[in-house]
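Open your viewer and switch to a cartoon view.

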Amino acid sequence: MNSSQQKHEAAVSNSTESVLPNGPGAAAILSAGIGCFLLSVFAVIADASKPAAKFFTFYVPTGPLSGVTTTAIFLWLVTWLVLARLWHHRTLPFAKINIVAFAFLFLGILLTFPPFADLLLGK
Amino acid sequence: MEISSRALVTQVHGMLFGVFFLLLVFGMVVELCRSSFTSQPSQLSAKGLSLQRFYLVFTAVVGWFAVLTGAYIVYPWYRAIPPATANLANYPQALLKSSPTTAGWHSLGMEWKEHVAWFAVIAITMAACVLIQYGRAIRQHPQMRKAVHGFVVVAFLSAMVAGLFGAMLNKHAPVRGGTIHQLMQERR
């Protein structure tokens with residue numbers, strides 16, 4: 001690579017660095033937390049009720065897991081798309097976004113842990 | 001030396017996609033930790049940046065292959081309901097649940113693994129997109145960088161839980177059946 005190309009790349013890189021707001025990143029991180037949380041909530045609901053388990057059975061051989069994960073993934077992607085559009089040019093208080101995203105993630109992990117889910121469902 | 005088609009697919013799911021995904025995510029954890037302690041951001045060439053992007057996308061793709069083959073190919077064999085007089089050895093979930101000494105591998109191991117593994121791919125897909133979109137500019141957003149690090153570490157731990165329980169489940173109640181493939185024949 002010659003020096004003019006390097007200068008051009010550095011200029012592009014610098015301009016990208018100065019222009020990019022944190023909104024798109026915040027949308028990705030928050031929606032990932034929400035997606036994990038939704039997946040665990042759907043899993044608990046499918047475990048708790050037979051009609052819900054039937055509803056979530058999109059593919060019979062896999063059972064309710066197919067609907068639980070497909071619905072959660074779909075809602076995660078929709079949330080990501082919506083937030084990314086809303087926050088495309090915005091700069092947000094990232095510390096607050098992180099707190100909310102990690103709270104969702106933590107709750108999601110807790111709800112997928114079978115002893116906790118069983119305790120919640122009184123099993 | 002022979003292997004059944006179901007055992008082979010289970011190995012591809014766990015040992016190829018699963019373990020490879022775990023290694024790739026560990027690579028991301030190491031690189032993100034290393035980059036946190038460098039005073040100067042790495043000056044990758046255009047080819048280096050392309051390789052970095054390829055690594056991130058490849059990691060996410062391998063993760064998706066791992067969860068999708070697990071949920072839609074191996075899991076149906078695992079959870080198949082045996083007929084009344086069937087040999088439970090061919091029905092892993094029923095086999096595990098038939099004894100109180102092994103039931104926990106299903107009620108804790110599989111129940112946790114089948115959900116938490118998806119967290120890993122969600123987190124890695126998000127991390128790959130953010131790291132590709134922001135590139136070096138992410139150092140201007142330290143909170144965002146911390147969040148991405150956190151999610152990647154959670155992804156690694158989730159993949160570890162899934163991998164560990166997957167290996168233990170396959171040890172206690174291996175997925176069997178399907179066509180038998182002869183890999184090698186011993187000469188006598």
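In this tour, helices (H or I, at least four residues) and strands (E, at least two) are DSSP runs, numbered from the N terminus. Residues are counted from 1 along each chain as its sequence is written, while chains are lettered from A and ligands numbered from 1 in the order in which they are written. Keep in mind that this is a predicted model: local features need pLDDT of at least 70, side-chain atom pairs count only at pLDDT 80 or more, and totals for chains, interfaces and linings use all residues.

**Stop 1: chain A.** Select chain A and follow its sequence: the pattern is α-α-α-α-α-α, with 6 helices and 0 strands. Now color by pLDDT, the predictor's confidence in each residue, from 0 to 100. The mean for chain A is 89, and 85% of its residues reach 70 or more.

**Stop 2: A:A26.** Select A:A26, which lies in helix α2 of chain A. Is A:A26 buried or exposed? A residue is buried if 20 or more other C-beta atoms lie within 10 Å of its own, exposed if 12 or fewer, and partly exposed in between, with C-beta atoms placed from the backbone. A:A26 has 28 C-beta neighbours inside 10 Å, so it counts as buried. Leaving out residues up to four places away in sequence, A:A26 touches A:W87, A:L92, A:F94 and A:I97.

**Stop 3: helix α4 of chain A.** Next, pick α4(A) and show its side chains. Its buried residues are A:P64, A:L65, A:G67, A:V68, A:T69, A:A72, A:W76, A:W80 and A:L83. Which elements cover them? The cover includes α2 and α3 (50-55) of chain A, together with α2 and α4 (103-134) of chain B.

**Stop 4: where the chains meet.** Show both chains: 35 residues of chain A are in contact with 35 residues of chain B. On the chain A side, the elements giving two or more residues are α1 (3-19), α2 (23-48), α4 (64-86) and α5 (94-112). The most comes from α2(A), with 10 residues. Color that side by residue type and you will find 20 nonpolar, 13 polar and 2 charged residues. Here Ala, Val, Leu, Ile, Met, Phe, Trp, Tyr, Cys and Pro count as nonpolar, Asp, Glu, Lys and Arg as charged, and the others, Gly among them, as polar.

**Stop 5: chain B.** Finally, select chain B, whose elements run β-α-α-α-α-α-β from the N terminus on. Its C-alpha trace spans about 65 × 45 × 25 Å along its principal axes. Buried residues make up 40% of the 188 residues in chain B.

Zoom in on α2 (residues 46-79) of chain B and stop at B:G70. The helix bends there by about 40 degrees, the bend being the angle between axes fitted to the seven residues ending at a residue and the seven starting there.

Methods:
Two residues are in contact if their C-beta atoms, placed from the backbone, lie within 7 Å.
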